[in-house]
Amino acid sequence: MATPAQDFAPVLDKDGVRLTVDDALATVTLTNPAKRNAQSPALWRALIEAGRLLPGSVRVVMLRGEGKSFSAGLDRQMFTPEGIPGEPNFIDLAHRDDAEIDATIAQYQEAFTWWRRNDIVSVAAVQGHAIGAGFQLALACDLRVVADDVQFAMRETSLGLVPDLTGTHPLVGLVGYARALEICATGRFVDARESVASGLANLAVPAAELDAAARDLAAALLAAPRDAVVETKALLKGAVDRTYDEQRAAERAAQARRLRDLAGIGE
């Protein structure tokens, strides 16, 4: 079993985000359990920085949250007229033109995009509440292991907003359009059993076993040769946009690269 992440000096520890690295395994931890790991622009900037600081040796990134909740969503101060000091609140944002709104949200989204890079596999270990932005952060990862007390919910629609932190694409891909629409439009909770049955989660375990289960999955992912995992991930990610015959061709091309690499033959 991998050494617990807290035994390593952090590469980054700021604004509610801690990054530790143990050779091929990196762990990103949300570290504000008193606020149920509520998210803010500062936290998103720290997540972006964590992605940029990953050493080239890292193959698997585990995402976890301290405390009883993975992340209960946006910091509610962003909804108030006072907002978070130094950050735009939603009222300020609404008064900007379309280009400025687009650019601001695009910056926020960067915290959610790097988790699906082809050179890494990301695993979210999710317990308790994963609401709104918390749900979307879990969806940003390739794989999800959940505790038996997990409660996913997409509450943006009930607040008069839409999910805009990259969560809609993976949600539809995992559960299909009709189920995704129902989850988002109603804002209801999705529990551990439904998460596994619908494809949202790969595995559900008792809460006390969550970290160990995520580390075991990480170890299994690290057991396979890196280049084969990278090529396979790229193949699977591209499959949704290819025809059957295009996917067959992509498989042949990828396998040719692997065979040449294994034989020590350059391109």
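In which helix do Asp245 and Arg248 both lie, and how many residues apart are they? Keep in mind that this is a predicted model. The helix is α10, residues 244-263, and the two are three residues apart, about one turn of the helix. Asp245 is partly exposed, at 46% relative accessibility. Arg248 is partly exposed too, at 39%.

Glu66 and Arg18 meet in a salt bridge, 2.8 Å from N to O. Glu66 sits in the loop between β4 and α2, Arg18 in strand β2, residues 17-22, and 48 residues separate them. Glu66 is partly exposed, with a relative accessible area of 22%. Arg18 counts as buried, at 19%. The cut-off matters here: buried means under 20%.

Next, Glu110 and Arg52. Their closest N and O atoms are 3.5 Å apart, in another salt bridge. This one joins helix α3, residues 98-113, to helix α1, residues 41-53, across 58 residues. Glu110 is partly exposed at 35%, while Arg52 is exposed at 64%. The count of salt bridges comes to 14. Arg179, Glu182, Arg188 and Glu194 are linked in a network of them.

Back to the loop between β4 and α2, which also holds Asp75. Is Asp75 buried or exposed? It is buried, because its relative accessibility is 9% and the limit for buried is 20%. Its side chain makes a polar contact of 2.8 Å with the side chain of Lys35. A polar atom of the Asp75 side chain also lies 2.9 Å from the backbone nitrogen of Gln77. Beyond its sequence neighbours, Asp75 is in contact with Lys35, Ala38, Gln39 and Ile84.

On to strand β5, residues 121-126. Six of its six residues are buried, so the strand is largely enclosed by the rest of the structure. Val121, Val123 and Ala125 cover one side, and Ser122, Ala124 and Val126 the other. β5 runs parallel to β4, with four bridges, and parallel to β7, residues 143-147, also with four. Val123 is the bridge partner of Met62 and stands opposite Leu143 in β7.

Last, the cores. The largest nonpolar core has 51 residues, and Trp44, Leu47, Trp115 and Phe152 touch the most other members. Apart from it lies another core, of 15 residues, with Val123 among them.

Note on methods. Residues are numbered from 1 along each chain as its sequence is written. This is a predicted model: local features need pLDDT of at least 70, side-chain atom pairs count only at pLDDT 80 or more; totals for chains, interfaces and linings use all residues. Side-chain values use heavy atoms; hydrogens and water are left out. Buried means under 20% relative accessible area, exposed over 50%, partly exposed in between (1.4 Å probe, protein chains only). A polar contact is a pair of N or O atoms within 3.5 Å; within protein, one must be able to donate a hydrogen and the other to accept it, and residues adjacent in sequence count only if both atoms are side-chain atoms. Contact means heavy atoms within 4.5 Å. Two strands pair if DSSP finds at least two bridges between them. A nonpolar core is a set of buried Ala, Val, Leu, Ile, Met, Phe, Trp, Tyr and Cys residues joined through side-chain atoms within 4.5 Å. A salt bridge is a side-chain nitrogen of Lys or Arg within 4 Å of a carboxyl oxygen of Asp or Glu. Lists of a residue's contacts leave out its neighbours within four places in sequence.
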